[in-house]
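Subject: Structure handover

Hi,

Here is the structure for you to look over. My notes follow below it.

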Amino acid sequence: MQNLESFINIGLNHFLYLSSIVFTIGLLTVLLRKNLIVILMGIELMLNAVNLSFIAFSSYSGDIHGQVLVFFVMTVAAAEAGVGLAIAVAIFKKFKEVDISFFQKLKG
Amino acid sequence: MNQDAIIVTVNIIKMSVIFLLMVQLVPLLVWVERRGSAFIQNRFGPNRVGPLGLLQLLADAVKFAFKEEFVPEKSHKAFFYMAPVLALLPGVLAFGSIPLSIPFTLSGEGWTHTFPTQVFDLGIGIVFVLGVSSLGAYALLLAGWGSANKFSLFGALRASAQMISYELALGLSLVGILLCYGTFDFTEMIQAQQGPLSFTLFSKEYTIPFLPAWGIFYQPLGALLFFVSVFAETNRLPFDLPEAEAELVAGYHTEYGGLKMLMFYIGEYGHMMVASALMATFYFGGYTAPGLSVEGVQSFLTQSLGFESANAISMMTMLIFHLVLMTKVILFLWIFIWVRWTLPRFRYDQLMDLGWKTMLPWAIFNTIITALFILARGV
Amino acid sequence: MISAPLFYGFSFFIIFFSLLVLLSANPIVAALSLAAAMVGVAGVFFALGAHFIAAVQVTVYAGAVMVLFVIVLMLFDLKRDESVSSALSRFLKIAVVGLILGLITGAVAMSGFDSSLQIFVHDPASITPTKKLATLLFEKYLFAFEVLGVLLLVIAIGVVSVSRIKGGTHAKS
């Protein structure tokens, strides 16, 4: 009975579990995929998971500082995506390649 | 739990009513567009089927429904089918968050309930509308990519680049009016536009009694910028580069026909309706009109027309204010159609120049000037 | 209290589309499912009462960043399949990530957060007023905000200059 109750009463823990699962999927995307742009997507996914836990903490503790932090994370994430994509486009124009293992050859 | 069920049911009903309202307006708008273009170009337009050609709409609907179901062989099927549905969504969702009239109250034996004439009152109004309408780019991208056709792809890329570019000018042109009202909420904005025009400068108040306190008098430049960027967002002429017939066949919906094509149409007209309603809400007083108050309408209904039941009075008042908003919306929709048949299309570089080098700096200028005026108000 | 069906609906939606990002072979499908996952995350924000952040999440992430990803992918028109790393290295990576997941969830489970701390969705008091957020942002965090503005300016210039690079030390031709 105790187990069922903790399943139905959604508390802070549930949001943290969700966040950690999404973070793990993002991490796996970064580690396992070889496409440069999909790797960038994995980073975005991880940042989203972190935002999720920020908001969960913020609304459960009634403190809105967490939301401001999410705002900053979003801005930096957008900037990061912009730079990442610009570099990807520049490399693709030069070498016609987005496979990350190819970039080992760029070593001086 | 019961309360939740009621709220969900009421919201679903409201959403369907708004969707049906939009879908019903589309054939009328198509008729106005065709007759209007004919009027502007000194032609007759569709005038054979029914009085004034009004039954042409029905004939068109039958034609669309019975067209061949066609899917290009090399297309990405899921994307191809998803795109028209996605094109419908943003318009409906955005329209749902705009207050269409004053709330009305229904009461019966032992219960009273006030229904806001707005599907969801979020308190963040305009941010939600911007967010939802920015999702409209996906419909175009999916249609372009899913069709496996180079004209479609070019149209989609152009459309999304154009939407992203003009979203900046759109957002910034709204900052001025948001500074003036100090709120995101549509209802509060409409409340702020009541009464005669008055403004405070250096702690002195000036009032112009013969003008209403509409946003257009506070933000003329912002209103102009907003209206122009909305044209670009809806992909209408003079910004209809994504479907430029002479270059791209029909842009992103080249491969679409029948009902799927019709859904893109409804999406486009839905965007136009949302834009017109936003224009009315921000700059022209929303569902209110100068000299029209809730008490005035109610006493007119009871004394001159002899209404007695409280429910009927409440409903009629709601309808009258709704008609005020619809009049404004239809006026703006006519401007949309008028402009389409009057101005020629831009070249692509001109379009980008206008967006980035003209609209954006002017929008920033407008924001700074507004901020300075608010500072000079001298609180 | 956030009702269980709502939470599990959102969770299923988010996890399904996140997995699609990881597993789909077509990068465009991955990008679109990431956009869907972000809309789902915005939905969770919304359910938690952070309305403004939810709307910004949809506008910035789903509406702008992901559209950029999709446009870039469409410009690339990738035909080749990705290379795959060796089975051993894949196994190691998955094992390490699994360990991390186990550690995080274990830490959460043992931290003993009081799950009776619950917010009420239909309670207007639980919705963060945007004004409060703005006051905090422009008073306490003003410096960070300005720094972010400078960062964005630097990024904008950087992106323009990177995308205009011609040649370089490792150019093929």
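How many residues of chain C are in contact with chain A, and how many of chain A with chain C? The counts are 71 residues of chain C and 62 residues of chain A. Bear in mind that this is a predicted model.

**Chain C against chain A**

The top contributor is α3(C), with twelve residues. By class, this side of chain C holds 54 nonpolar, twelve polar and five charged residues.

Two pairs of chains are in contact, and A with C is the pair that shares the most contacts.

**Two helix pairs across A and C**

Start with α2 (residues 12-32) of chain A and α1 (residues 4-23) of chain C. Their axes come within 9 Å and cross at roughly 10°. An angle under 35 degrees counts as roughly parallel, so α2(A) is roughly parallel to α1(C). From α2(A), the contact takes in H14(A), L18(A), I21(A), V22(A), I25(A), L28(A) and T29(A). Facing them in α1(C) are F7(C), S11(C), I14(C), I15(C), S18(C), L19(C), V21(C) and L22(C). That contact has eleven nonpolar residues, four polar ones and no charged ones.

Next, α4 (residues 65-95) of chain A and α6(C). Here the axes are 9 Å apart and the packing angle is about 10°. That angle makes α4(A) roughly parallel to α6(C). The α4(A) residues are F72(A), T75(A), A79(A), G82(A), V83(A), A86(A), I87(A) and A90(A). They meet A144(C), L148(C), L151(C), L152(C), I155(C), G158(C), V159(C) and V162(C) in α6(C).

**The core**

Which residues touch the most other members of the largest nonpolar core? They are A31(C) and M66(C), in a core of 166 residues. Leaving out residues up to four places away in sequence, A31(C) touches M66(C), F69(C), V70(C) and L73(C), and also M41(A) from chain A.

**Chain A on its own**

Chain A has four helices and zero strands. From the N terminus, the order is α-α-α-α. Is the chain spread out or compact? Its radius of gyration is 18 Å, well over the 13 Å that the globule rule gives for 108 residues, so chain A is more spread out than a compact globule. Its C-alpha atoms fill a box of roughly 60 × 30 × 20 Å along the principal axes. Buried residues make up 49% of the 108 residues. Among contacts in chain A with a separation of 6 or more, 51% join residues 24 or more positions apart.

**Chain B**

Chain B and chain A do not touch. Their nearest C-alpha atoms are 14 Å apart. Chain B does meet chain C: 18 residues of chain B are in contact with 17 residues of chain C. On the chain B side, the elements giving two or more residues are α4 (125-134), α5 (136-146) and α6 (150-181) of chain B. Of these, α4(B) gives the most, with five residues. This side of chain B has 14 nonpolar, four polar and no charged residues.

Best wishes

How values were computed. Residues are numbered from 1 along each chain as its sequence is written. Chains are lettered from A and ligands numbered from 1 in the order in which they are written. This is a predicted model: local features need pLDDT of at least 70, side-chain atom pairs count only at pLDDT 80 or more; totals for chains, interfaces and linings use all residues. Two residues are in contact if their C-beta atoms, placed from the backbone, lie within 7 Å. The radius of gyration is taken over C-alpha atoms; the globule rule is 2.2 Å times the number of residues to the power 0.38. A residue is buried if 20 or more other C-beta atoms lie within 10 Å of its own, exposed if 12 or fewer, and partly exposed in between; C-beta atoms are placed from the backbone. Ala, Val, Leu, Ile, Met, Phe, Trp, Tyr, Cys and Pro count as nonpolar, Asp, Glu, Lys and Arg as charged, and the others, Gly among them, as polar. Axes are lines fitted to C-alpha atoms, for helices over the stretch in contact, and angles run from 0 to 180 degrees between N-to-C directions. Angles under 35 degrees count as roughly parallel, over 145 as roughly antiparallel, 65 to 115 as roughly perpendicular and the rest as oblique. A nonpolar core is a set of buried Ala, Val, Leu, Ile, Met, Phe, Trp, Tyr and Cys residues joined through C-beta atoms within 7 Å.
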